[in-house]
Amino acid sequence: MDVRVDDRLTDRLNIASARKRRYPFDDDVIDWSVPMSSDYVYMPEGSSFLHGTAVWERLSDTERSHVTRWEVTQILRNAGHGEHILNQGILAMLWHTDPYEPAWRFMLHEVAEECQHMAMFNEWVRRNDDMRTWSIARGRRGTGAALLAQLVAPRMPELFWVYVLLFEAVGDLVNDAFVRDRSDRLHPTLRQLMRAHRIEEARHIAFAVRWIENGVPKLSPARRWLLQRATERTLLWLSRLPRLMPVAYSEQLAPYLSKEEFEAAVTDPRYTEHVGRHLQPVAEVLIECGALHPQRIAPGPDGRLIRLAGGVDA
Ligand SMILES: [Fe+2]
Ligand SMILES: [Fe+2]
């Protein structure tokens, strides 16, 4: 496989991975001793699927604490599965990469860091084992994505890195909301966990962007067309997802909200639109990298991406 990231950048990222490692079980990175108490909330202001709903207004502080702790545990469980899928793709690429390339080591750093993130998310999930959550690893879609990642990554690496960028863009939105929330009520372990995650993800994003940037001009016109169409379809699909976070109703929520109220909250445009809007800057990066045709996609009136009428092909 031809690595498309120049050695100078990869060497810099290798050094940064070694020196700026945020190991989640180091005491100065995450304090795991803070108790899970109803004094805390577990989702940043404005980020819970219940924020802004009548249900939220109805709940007491203790109930809000319980529901948001369930929500963040559910999200982190599936975020770990997302990292697992990504790792399967990178390891598949590594098999076809020359070990004398600096990128061989960086991809291994990336896998190691994602493994750390998986361990960090899992630590949270196990410390909250009173929360019953649903796993994408049990569904056919999650398993299909894991298989597909291994097939796509070595054959069409530019497309694989586009998927990585999109996954990490949504993850970054979550990380950022936790890091920016200054409230004393937000559980401090979560803020530290998200900060550690964001620092390491910045390297992964830089590597993915450079690979796409350098790789696209070398693609044949047919493969470039395929990449741009696949990117466009995925972006439009993500932008219009009826429900965003992999949250599913749990009977545990029954004392606080009904299944109907849950469905109404997770599919409410107020909740799904902000991610749609967040995809716009990612779309701009993808246009600059050549992975997306500039005249086929644009933000619609609500900020979510739409296909342009009469868009021009690459
Ligand atoms: Fe990660
Ligand atoms: Fe990553």
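Trp 237 is exposed, as 10 other C-beta atoms lie within 10 Å, and a residue counts as exposed when that number is 12 or fewer. The model in which this residue is seen is a predicted one. Trp 237 belongs to helix α8, which covers residues 221–239. Although Leu 305 lies 68 residues away from Trp 237 along the chain, the C-alpha atoms of the two are 9.2 Å apart.

The protein chain contains 10 helices and 2 strands, and its sequence order is α-α-α-α-α-α-α-α-α-α-β-β. Its radius of gyration is 20 Å, close to the 20 Å that the globule rule gives for 314 residues, so the chain is as compact as a globular protein of that length. Along the principal axes, the C-alpha atoms occupy a box of roughly 60 × 50 × 35 Å. Of the 314 residues, 39% are buried. Among contacts in the chain with a separation of 6 or more, 80% join residues 24 or more positions apart.

Two helix pairs may now be examined in turn. Two packed helices are described by the angle between their axes and the distance between the axes.

The crossing of α1 past α7 is left-handed. On the side of α1, Leu 9, Leu 13, Ala 16 and Ser 17 make the contact, while α7 contributes Arg 203, Ala 206, Phe 207 and Arg 210. By class, this contact of α1 with α7 comprises 5 nonpolar, 1 polar and 2 charged residues.

The other pair consists of helix α3 (residues 61–95) and helix α6 (residues 157–180), which pack at an angle of about 160° with their axes 11 Å apart. That angle makes α3 roughly antiparallel to α6. The crossing of α3 and α6 is left-handed. Helix α3 supplies Ile 75, Ala 79, Gly 82, Leu 86, Gly 89 and Met 93 to the contact, and helix α6 supplies Pro 157, Phe 160, Val 164, Phe 167, Gly 171 and Val 174. The residues in the contact of α3 with α6 divide into 9 nonpolar and 3 polar, with no charged residues.

Terms used
Residues are numbered from 1 along each chain as its sequence is written. Chains are lettered from A and ligands numbered from 1 in the order in which they are written. This is a predicted model: local features need pLDDT of at least 70, side-chain atom pairs count only at pLDDT 80 or more; totals for chains, interfaces and linings use all residues. Helices (H or I, at least four residues) and strands (E, at least two) are DSSP runs, numbered from the N terminus. The radius of gyration is taken over C-alpha atoms; the globule rule is 2.2 Å times the number of residues to the power 0.38. A residue is buried if 20 or more other C-beta atoms lie within 10 Å of its own, exposed if 12 or fewer, and partly exposed in between; C-beta atoms are placed from the backbone. Two residues are in contact if their C-beta atoms, placed from the backbone, lie within 7 Å. A crossing is left-handed if the near helix is turned anticlockwise from the far one by less than a right angle, and right-handed if clockwise. Ala, Val, Leu, Ile, Met, Phe, Trp, Tyr, Cys and Pro count as nonpolar, Asp, Glu, Lys and Arg as charged, and the others, Gly among them, as polar. Axes are lines fitted to C-alpha atoms, for helices over the stretch in contact, and angles run from 0 to 180 degrees between N-to-C directions. Angles under 35 degrees count as roughly parallel, over 145 as roughly antiparallel, 65 to 115 as roughly perpendicular and the rest as oblique.
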